[in-house]
Amino acid sequence: TLGDHERKLLRAAAVAGERVDVGLLAAIADLAPDDARAALAALAARDLLRPQSGGHRWRHRHPLLRHVVYTVTPPGWRLAAHCRAVDELALRGESAMVLAEHLSRCASPGNRWAIDRLAEAAAQAMRIAPASAAHWLDTALRLLPADEAARRVAMLADRVTALHRSGQLAQARTAVHDALAALTPDMTAQRTRLVGLAATVERLLGRHDEARALLRAELDRPTTETGPGLLTELVVTSVLAGDFPTAQRIASSIIDEADRDVGSVVRAANLALTALATSAGQTTTPAHVAKLAEADRVVDALTDAELGTVIEIPVWLGLADIQADRLAQAHRHVTRGLAVAVRTGQHQVFTYLKLLL
């Protein structure tokens, strides 16, 4: 029973999302401003759209109503509407994250501008909404031309990171093996990163032996560029597998004694990792307690944003504190880590942190 302009505006609101202004609705509906305002008044009178923020923004009466309107909108019109939304939002200088949801629904294969915006949005979302980052990277990979092998591998690796951070471990395992299969012989640095990711995913799935085998095989390759990532993962998997001497030996080899910056994430990670390795399977000594206290000071000096870049630090330090019977310190690190993990959407550590808690 709606008029043509009213129907277009209601569909535009379904495409646009929650709390949008009249100008954006008019652009998406492809209506003149006066026609859009008249249609908006009619839709408000029928309680299909409701004003927000003093009438400057509008939304559907209920999310289910928006879903139904979006679903029954003709696909061709919906596709064109998302394209109009991208044009209008780009003119306004909106961020890549705002553009990405529309680009993921309307961009054409080979559109490098769209691919760049989706990749940029994924990078922005990685620390706060990794599930969205994985979705946008998946779309960008479908649009990417087949001849861009190096960029494809880099985006595949980023997608694995996003999937594992958002707790989609089975999908991450499939994705990382797909990425490894796409490597060319000269991509040694990319291979090292991907093997580290593969081992992390295997560990999170409880496959500690598989994780250690992957790491050792990679470290034994003559072309491998050995970095702290592979060694760090080998320490953690060795602790979980009960191989404490190996964990302690490797942890001591990667400590950077020259880095004394209290705010350093790298130093905090190294100290937490060493605390975990040296706590495992041995009696607590005064020297070890002193090391734990040093790790406490460095980790406590990190901002939440810094801690979120290596979210497993509270896991390592919390477990080390528990093994040394430092329960108050463990509780502080674990609860803080859980809060940061929740806020940044890093679901992969929820099980560890809640178990320690």
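Visitor: Which residues touch the most other members of the largest nonpolar core?
Guide: A nonpolar core here is a set of buried Ala, Val, Leu, Ile, Met, Phe, Trp, Tyr and Cys residues joined through side-chain atoms within 4.5 Å. Buried means under 20% relative accessible area, exposed means over 50%, and partly exposed is in between, using a 1.4 Å probe and protein chains only. The largest such core has 112 residues, and those touching the most other members are Leu-9, Ile-28, Leu-194, Ile-313 and Trp-316.

Visitor: Which helix gives the largest share of this core?
Guide: Helices (H or I, at least four residues) and strands (E, at least two) are DSSP runs, numbered from the N terminus. The largest share of the core is nine residues, and it comes from residues 265-279, helix H15.

Visitor: Before we go on, what kind of model is this?
Guide: Local features need pLDDT of at least 70 and side-chain atom pairs count only at pLDDT 80 or more, while totals for chains, interfaces and linings use all residues, since this is a predicted model. Residues are numbered from 1 along each chain as its sequence is written, and side-chain values use heavy atoms, with hydrogens and water left out. In short, the model is predicted.

Visitor: How many helices and strands does the protein have?
Guide: For scale, the C-alpha trace spans about 80 × 50 × 35 Å along its principal axes. Of the 357 residues, 49% count as buried. The secondary structure comes to 20 helices and two strands.

Visitor: What share of the contacts with a separation of 6 or more joins residues 24 or more positions apart?
Guide: Contact means heavy atoms within 4.5 Å. Among contacts with a separation of 6 or more, residues 24 or more positions apart account for 61%.

Visitor: Back to Leu-194: which residues is it in contact with, leaving aside its neighbours within four places in sequence?
Guide: Leu-194 is one of the buried residues of H11. With those sequence neighbours left aside, the contacts of Leu-194 are Val-153, Ala-157, Val-176, Ala-179, Leu-180 and Leu-183.

Visitor: How many of the 17 residues of H11 are buried?
Guide: Helix H11 covers residues 188-204 and reaches 24 Å from its first C-alpha to its last, close to the 24 Å expected. That expected span is 1.5 Å times one less than the number of residues. H11 is largely enclosed by the rest of the structure, because its buried residues number 12.

Visitor: And which glycine follows H11?
Guide: The residue after this helix has a positive phi, near 85°. That glycine is Gly-206.

Visitor: What do the buried residues of H5 pack against?
Guide: H5, residues 75-91, also has 17 residues and reaches 25 Å, close to the 24 Å expected. Its buried residues are Trp-77, Arg-78, Ala-81, His-82, Ala-85, Val-86 and Leu-89. Those buried residues pack against helices H1 (4-16), H2 (22-29), H4 (63-72), H6 (96-106) and H7 (112-125).

Visitor: Is Leu-64 buried or exposed?
Guide: Leu-64 is found in helix H4. Its relative accessibility is 57%, so Leu-64 counts as exposed.

Visitor: What about Asp-321, is it buried or exposed?
Guide: Asp-321 sits in helix H18, residues 313-323. Not counting residues up to four places away in sequence, it touches Leu-292, Asp-296, Arg-326, Gln-329, Ala-330 and His-333. Because its relative accessible area is 0%, Asp-321 is buried.

Visitor: Where is Gln-348 found?
Guide: Gln-348 has a relative accessible area of 9%, so it is buried. Leaving aside neighbours within four places in sequence, Gln-348 is in contact with His-164, Arg-165, Gly-167, Leu-204 and Ile-311. Its place is the loop between helix H19 (327-344) and helix H20 (350-356).

Visitor: What is the phi of Asp-30?
Guide: Asp-30 is found in the loop between H2 and helix H3 (33-45). It counts as exposed because its relative accessibility is 57%. Although Asp-30 is not a glycine, its phi is positive, about 60°.

Visitor: And the phi of Asp-47?
Guide: Asp-47 lies in the loop between H3 and strand S1 (49-52). Its relative accessible area is 27%, so Asp-47 is partly exposed. Asp-47 is not a glycine either, yet its phi is positive, about 55°.
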